[in-house]
Amino acid sequence: MSSNQRIDRYELLGLLGHGGTGRVYNAWDTKLEREVALKVVMQVADKKIRERFHREVCAIAALRHPNIIEIYDYSGVYTEPLYYVMERLHGEDLFILLQNNGPLPEPATAVIGYELCLALSYMHDIGIIHRDLKPENVFINKDGRVVLTDFGIVKAVRDNSVVSQSADNTDIVGTPGFMSPELLRSKALGAFTDIFALGACLYNIVTGELPFAAATPLELHDNIQRGVVPDIRDYNPQVSDILWDCLRRCLAARPKERPKISAVRKQLKIVLDSYGVGDIREELANYMRNAGVYAESARQRAARRILGELAVAEEAEDSGHVTALRKRLEKVDPDGQQSSHMSDFIEAARNRPHGWESRRHRHRHILLSISIIMLLISSVALALSGKWRIILARLHGTYNSDQLHENNSNTDVEVSITPIRDGVLKFRINAKAKVLVDGQLVKKQELHNKKVSPGHHHIEVIGAHKNLVTEVKIISGRQIWINADLKRGVITVE
């Protein structure tokens with residue numbers, strides 16, 4: 001099938017990609033006059049292929065979430081050609097980004113993981129698992145939106161799920177390297193199966209390597225069953241202890257040893273906070289705009305973070321951790337540029353005269369130094385997004401941010417920061433329901449005054465029969481109303 005042809009009302013504009021059973025075209029909807037993506041199955045004689053395709057369409061249609069691909073139209077299960085129409089995404093999947101740009105920096109990886117946690121949490125709550133989470137099935141839009149695609153082998157994990165397939169039937173399907181031990185052995189599956197794949201996917205994109213590399217399929221199978229995972233810092237020394245601990249637990253061979261999706265999301269949020277990431281969409285959009293510039297900024301932020309950790313480790317006299325951190329810092333900041341800039345603060349804390357000799361006071365000043373480091377990290381993130389809020393004031397006159405590095409402990413520096421105020425969410429709901437903001441339950445008394453930080457927030461209103469999902473962007477000090485009509489299945493923002 002070539003471009004410049006039509007399928008029903010859709011004009012084919014060009015091929016976007018193809019797989020073993022089908023192709024995806026860039027197409028034009030002549031009726032609604034909009035650009036769409038059209039997936040066509042090329043081999044439709046097989047009844048099982050038709051059933052799988054139908055299951056994929058039904059699964060996507062039932063999932064309404066900002067991080068899940070949206071479907072518009074469907075040919076029907078017995079038609080020729082067999083196709084469905086979905087939203088047209090402008091960007092790249094993670095596999096292509098990895099091939100073109102190399103391993104993704106840690107903050108971008110954490111953003112992707114955080115957004116995937118929101119999508120998977122939503123799916124698991126309604127009783128289905130994706131079962132084929134891998135870089136090829138995760139798309140990044142140019143505006144930084146993470147979109148989960150390809151639901152061809154989605155599976156019900158309870159009988160009242162939106163997917164018609166029996167929860168008892170478990171086929172061995174998926175992609176080697178991202179398949180959990182229980183999936184390889186055709187054992188009972190659950191949300192923990194997707195947790196494993198999420199860990200493998202994030203490990204892959206932040207290192208460029210599979211967590212269970214092997215020379216033969218048999219060796220790969222054995223390594224997965226035994227949970228043999230190389231230290232992630234052997235491939236990427238910038239990765240923090242928190243992210244490595246999170247991914248290592250996700251990749252545990254025994255399902256009960258893997259964390260819940262909410263715990264994964266919380267750990268990823270800690271990683272993002274350590275890099276000063278506020279607006280997660282904007283953070284990823286910066287990477288999509290210029291991966292090279294973003295990678296250098298992330299390297300500098302990682303060096304500053306490691307230096308802060310090193311100060312704490314030295315204060316605690318943890319020699320083993322100090323040695324490990326110094327080795328990582330040498331790899332992340334080989335020319336010592338970031339280290340020399342930041343070490344002045346820590347050195348000043350150690351050598352402060354007159355009454356600062358006690359361990360307690362030294363520890364307090366070390367923490368103050370780390371706070372300054374984190375302030376600088378945050379300023380880099382804000383500068384990248386075009387939202388520079390830090391105003392450096394007077395150093396015996398006017399000075400710029402470069403001069404800050406030349407400061408010493410005897411210089412009186414004034415630093416003022418433009419205040420960032422929380423926004424307020426207010427809810428109008430016409431039926432009994434639970435409300436979650438970023439996966440956290442909102443208390444009843446907070447429904448008319450829920451304070452949230454500026455940035456993007458994921459909203460879920462869960463009723464007895466319907467779940468409504470939306471996403472809002474909070475501006476500093478702004479008030480937003482969320483109107484949820486559970487009877488009609490409509491949620492609006494004003």
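Of the 494 residues that make up the chain, 51% count as buried, a term that stands for under 20% relative accessible area, with exposed meaning over 50% and partly exposed lying in between (1.4 Å probe, protein chains only). The model is predicted, and for that reason local features need a pLDDT of at least 70 and side-chain atom pairs count only at pLDDT 80 or more, while totals for chains, interfaces and linings use all residues. Residues are numbered from 1 along each chain as its sequence is written, and side-chain values use heavy atoms, with hydrogens and water left out.

## Overall make-up

The chain has 14 helices and 21 strands, where helices (H or I, at least four residues) and strands (E, at least two) are DSSP runs numbered from the N terminus. Its accessible surface comes to about 23,600 Å², and 50% of that surface belongs to carbon and sulfur atoms; such areas come from the Shrake-Rupley method with a 1.4 Å probe, and for residues only the protein chains shown count as cover. Among the contacts in the chain with a separation of 6 or more, 59% are accounted for by residues 24 or more positions apart, a contact being heavy atoms within 4.5 Å.

## Nonpolar cores

In soluble globular proteins, nonpolar side chains tend to be buried together. A nonpolar core is here a set of buried Ala, Val, Leu, Ile, Met, Phe, Trp, Tyr and Cys residues joined through side-chain atoms within 4.5 Å. The largest such core has 94 residues, of which Leu 94, Ile 112, Val 138, Ile 140, Phe 151 and Leu 198 touch the most other members. Helix α3 (residues 106-125) gives the largest share of this core, namely 12 residues. Leaving aside residues up to four places away in sequence, Ile 112 touches Leu 94, Leu 104, Val 138, Ile 140, Val 146, Leu 202, Ile 205 and Leu 284. Apart from this core lies another, of 17 residues, which includes Phe 427, Val 435, Val 442 and Ile 482.

## Salt bridges

Side chains of opposite charge can pair when their charged atoms come close. The structure holds 28 salt bridges, each defined as a side-chain nitrogen of Lys or Arg within 4 Å of a carboxyl oxygen of Asp or Glu.

Elsewhere, Asp 231, Arg 233, Asp 241 and Arg 328 are linked in a network of salt bridges.

## Aromatic rings

The structure holds five aromatic pairs. Rings of Phe, Tyr and Trp (its six-membered ring) pair if their centres lie within 6.5 Å, and planes under 30 degrees apart count as stacked, over 60 as edge-to-face and the rest as tilted. The rings of Tyr 203 and Tyr 235 have centres 6.4 Å apart and planes at 80 degrees, so this pair is edge-to-face. Because Tyr 203 lies in helix α5 (residues 191-207) and Tyr 235 in the loop between α6 (217-226) and α7 (241-250), the pair ties together parts that are 32 residues apart in sequence. Tyr 203 is buried, with a relative accessible area of 0%, whereas Tyr 235 is partly exposed, with 36%. The rings of Tyr 287 and Tyr 294, with centres 5.7 Å apart and planes at 80 degrees, also form an edge-to-face pair; Tyr 287 is buried at 3% relative accessible area, and Tyr 294 counts as buried at 0%. Tyr 203, Tyr 235 and Trp 244 form one aromatic cluster.

Charged groups also lie over rings, which is counted if NZ of Lys or CZ of Arg is within 6 Å of the ring centre and within 35 degrees of the ring normal. Arg 34 lies over the face of Tyr 72, at 3.8 Å from the ring centre, and the charged end of Arg 428 sits over the ring of Trp 481, 3.8 Å from its centre.
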